[in-house]
Amino acid sequence: MKIHHIGIATSEKNIKNYFFKPNKKFTYIDKNQNNKLVIGYNKDNDLWVEFIIPLNKKSTVQNFLNKHGSSIHHMAYYVKDLRAIKKKYLNRVGYIFVDSFQINIPCFGGQMETMFFYNNNIFIEFLSKYNKK
């Protein structure tokens, strides 16, 4: 499993406080979760950073920001077989299944399947290319 990206929950005004400026062309609106995603790539580490900015009070990260402030929200791992990962972690002590969905993120390669678990006060995301079956 390879770390694909780090998700940071923050506000629009706080993005400038991080170690690089994300590329504005990698900005997406996630209407399902009421978030703005601003994504940057660190080529030195082959690592994406996803800034998750709430659009309104119904945002999935608004409550997280209220409790923790701007901070790491999740670690994301790219996997080939999302179903096998789900089966493995559903039975693992301490891992709580949160949600799974599809999302289109062109800079990540287009339509992706994603799945979230919660463990030790951090969200863990697994993602893979969407395969219609």
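View 1. A search through the whole structure turns up 11 aromatic pairs, where rings of Phe, Tyr and Trp (its six-membered ring) pair if their centres lie within 6.5 Å. Planes under 30 degrees apart count as stacked, over 60 as edge-to-face and the rest as tilted. Phenylalanine 101 and phenylalanine 116 have ring centres 6.1 Å apart and planes at 20°, so this pair is stacked. Phenylalanine 101 sits in strand S6 and phenylalanine 116 in strand S7, so the pair ties together parts that are 15 residues apart in sequence. Phenylalanine 116 is buried, at 10% relative accessible area, while phenylalanine 101 counts as partly exposed at 21%; buried means under 20%, exposed over 50%, and partly exposed in between (1.4 Å probe, protein chains only). Elsewhere, Tyr77, Tyr89, Tyr95, Phe97, Phe117 and Phe126 make up one aromatic cluster.

This is a predicted model, so local features need pLDDT of at least 70 and side-chain atom pairs count only at pLDDT 80 or more, while totals for chains, interfaces and linings use all residues. Residues are numbered from 1 along each chain as its sequence is written, and side-chain values use heavy atoms, with hydrogens and water left out.

View 2. Eight strands form an open sheet in the order S2-S3-S4-S1-S5-S8-S7-S6, with mixed pairing. Strands (E, at least two residues) and helices (H or I, at least four) are DSSP runs numbered from the N terminus, and two strands pair if DSSP finds at least two bridges between them. S2 (27-30) and S6 (96-105) are the edge strands, each with a single partner, so one side of each has no neighbour in the sheet.

**View 3. Two nonpolar cores.** A nonpolar core is a set of buried Ala, Val, Leu, Ile, Met, Phe, Trp, Tyr and Cys residues joined through side-chain atoms within 4.5 Å. The largest has 19 residues, and Tyr28, Ile39, Ile105, Cys107 and Phe108 have the most contacts inside it. S3, S4 (47-54), H1 (62-68), S6, S7 and S8 each give two or more residues to this core. A second, separate core of 9 residues includes Ile15, Val38, Val49 and Ile53.

**View 4. Lysine 13 out in a loop.** Lysine 13 lies in the loop between S1 (2-9) and S2, and at 61% relative accessibility it counts as exposed. Its C-alpha atom is separated by 36 Å from that of lysine 80, 67 residues apart along the chain.
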